[in-house]
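User: Can you walk me through this one? I'd like the strands, the charges and the surface.

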Amino acid sequence: MESMGKFLALIGAVLLLMGIIMMLFEKLPLGLGKLPGDIVIKRDNFTFYFPLATSLLLSLILTLILNLLFRK
């Protein structure tokens with residue numbers, strides 16, 4: 001049970017960190033989340049948002065950074 005508790009605490013900490021980053025990230029003037037490839041569908045009382053271009057760009061950047069850090 002102790003390992004399960006540590007795992008849940010780790011998941012909670014990661015989610016908390018991601019939430020804080022997301023709150024601070026939308027205040028930055030980078031334009032991420034509003035790129036031309038992002039999909040937004042607005043209806044009367046429904047909004048669907050899928051940040052496709054933003055996800056691809058962040059994936060590319062993180063891949064480059066991690067490859068540079070873990071290169072042998």
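Analyst: Start with a residue pair: Val40 has Tyr49 in E2 as its bridge partner. Strands here are DSSP runs (E, at least two residues), and helices likewise (H or I, at least four), numbered from the N terminus. This is a predicted model, where local features need pLDDT of at least 70, side-chain atom pairs count only at pLDDT 80 or more, and totals for chains, interfaces and linings use all residues. Residues are numbered from 1 along each chain as its sequence is written, and side-chain values use heavy atoms, without hydrogens and water.

User: In what sense do E1 and E2 pair?

Analyst: Antiparallel, over 4 bridges, with E1 at residues 39–42 and E2 at 47–50. Pairing takes at least two DSSP bridges between the strands. A hairpin of 4 residues links E1 to E2.

User: Switching to charges. How many salt bridges?

Analyst: The count is 1, with a side-chain nitrogen of Lys or Arg required within 4 Å of a carboxyl oxygen of Asp or Glu. Lys6 and Glu2 form the salt bridge, at 3.4 Å from N to O.

User: Where do Lys6 and Glu2 sit in H1?

Analyst: They are 4 residues apart in helix H1 (residues 2–25), so about one helical turn separates them.

User: Is Lys6 buried or exposed?

Analyst: Exposed, at 55% relative accessible area. Glu2 is exposed too, at 59%. The cut-offs are under 20% for buried, over 50% for exposed, and partly exposed in between (1.4 Å probe, protein chains only).

User: And Leu66, which helix?

Analyst: Leu66 is in H2, residues 52–69. Leu66 is partly exposed, at 44% relative accessibility.
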